[in-house]
Each structure stands twice: as C-alpha cells, then as structure tokens.
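This report concerns the pairing of oppositely charged side chains. Please consult the sequence and the 3D structure shown here.

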Amino acid sequence: MRRTRSTEAFFGRRHGKTLRPAQAGAVARLLPELKLDLAQPAPADLQTLFEAGTDGLRLEIGFGGGEHLHHETGRFPRTGFIGVEPFVNGMAKLVSALEQEPRSNLRVYDDDATRLLDWLPPASLDGIDLFYPDPWPKKKHWKRRFVNPANLDRFARVLKSGALFRFASDIDTYVNWTLTACRRHEDFDWKASSPGDWRDAYEGWPGTRYEKKAIREGRQPAYLTFVRR
Ligand SMILES: C[S@@+](CC[C@H](N)C(=O)[O-])C[C@H]1O[C@@H](n2cnc3c(N)ncnc32)[C@H](O)[C@@H]1O
C-alpha cells in the first residue's frame, strides 16, 4: 500500500539537538525568505525564483549540513539551485553558512523532496544530486530508500533530456540497488566506462560531513552519474 501523501518518502528525524541561539536566529531571519511556498503554483519562469540572473536549475535532495550545496552555489553563481532538507539542524547549518556567505542563486525547501518534485513543471531541471541518502541497510527497510521506481519516475518527469542524476553512497547494497533500478528504468543511462567513472569523486567535489564519517569508518564511496535520455 502507498503511504499517505504527507509522509510518503520521509522516514528520518526532523529534530536533533536544540539549535544554538545564533543558529536559531539565522533560521528565523533567513528561512522565510529562502523557503519555497508550494501552496502557490510554480511560476511559469522558474528563474524568477532567484534574485541573481540565473540560467538553468539544479536540485540537491537531502543536503544534510549543506556543505556541497553551499560550495556548488558558489562555483556556479549563474545557475539556480533548490536544496531540500527536512532535518532542522541541517537546514540551520546551511542558513548559518549563508549568513556569512549569502547566495542569491539558492532557494530551499524543508520537507519531503517528493512534494517539491511533484510541484516542479515537467523538464524543468538540469540536474538532481542525491548524495548519501539514508542507507536503510536492513533488507526489511529497503523499501524506504529514496531511490525507487516511483521516485525515478518523478526524476524522469522533471529532468530535461540530457540532464544528470548524480548519486553517491558508501553502502554497496544501495549502490547496486540504484544501478539495478536505473538500468530497469527506460529513461536513464549509466555512462560509466571505466572504474574511475564511479570510484573518483565528482569534479570540484568538496566532500560532505556524512562522507567524511564513512571514509573514517573504512567504507569506500561510489559516485554514480546517470543521464536522462
Ligand atoms: C545520511 S544524510 C546525508 C546528508 C548529506 N547529503 C551528506 O552527504 O552529508 C541523508 C539526508 O537525507 C535527508 N532526507 C531523508 N529523506 C528525505 C526526503 N524524503 N526528502 C528530502 N530529504 C530527505 C535526511 O534528513 C538526511 O539529512
């Protein structure tokens, strides 16, 4: 049975430690401005979501503390980005970084990414990044994984032809799961031709907090890149 819409794909924690006053202040000041309002229909021109003159739109799902997202928005100031993270403490980390170094090419959403995906118009994204999604290593929980046929259909709907879906994980069973799911999906191609294509980090990769822990604990990340046909 499909879960109710409000909880379809979010199984994680929303709250961790109480926010420090500076973090709580940054959230109160910045989040209302940055957060997308899905009660309104998506604008016909998505670039109007951003103050910066942008061209192109990328999405990062489950950005954690936002290490990659903050870095990437700085590397590509002319590209619009949407970041999704329901974990309050992760969002607080990102907005604290934005107080130091603001980005006019970034908007965020703080709930289940499937809602945002369903809000976006078809063929509106140039890329989706899903880095270290919650691994759900026990077989009985695999159905909770963000990568599943319904979410790959969502990705296929919102990605432009030729756009990239990037997936990184340190959990072998999840890497194989994603390779199998994308191979079965008629809209995705995996372009890897040599081991470096999945063992080497993406160009300009800054690492993430979760990745550091995985490497410290001796797990080897895989960096997959799929192309929307
Ligand atoms: C293991 S953490 C990795 C965070 C970050 N990408 C990193 O590499 O450090 C997975 C993140 O995905 C988020 N997440 C889980 N389900 C989600 C959903 N349905 N929509 C958006 N984010 C989700 C969690 O809140 C969590 O912060």
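The count comes to 17 salt bridges, a salt bridge being a side-chain nitrogen of Lys or Arg within 4 Å of a carboxyl oxygen of Asp or Glu. The model is predicted: local features need pLDDT of at least 70, side-chain atom pairs count only at pLDDT 80 or more, and totals for chains, interfaces and linings use all residues. Residues are numbered from 1 along each chain as its sequence is written, and side-chain values use heavy atoms, with hydrogens and water left out.

| Pair | Closest N to O separation |
|---|---|
| Glu 72 and Arg 75 | 3.2 Å |
| Glu 217 and Arg 219 | 3.0 Å |

The pair of Arg 229 and Asp 189 links distant parts of the chain, 40 residues apart. Arg 229 lies in the segment after strand E7 (222-228), and Asp 189 in strand E6 (residues 188-190); helices (H or I, at least four residues) and strands (E, at least two) are DSSP runs, numbered from the N terminus. Glu 72 and Arg 75, by contrast, both belong to helix H2 (residues 67-75), where 3 residues, about one turn of the helix, separate them.

Accessibility is classed as buried (under 20% relative accessible area), exposed (over 50%) or partly exposed (in between), with a 1.4 Å probe and protein chains only. Glu 72 is buried at 3%, whereas Arg 75 is partly exposed at 28%. Arg 229 is partly exposed at 48%, and Asp 189 is partly exposed at 21%.
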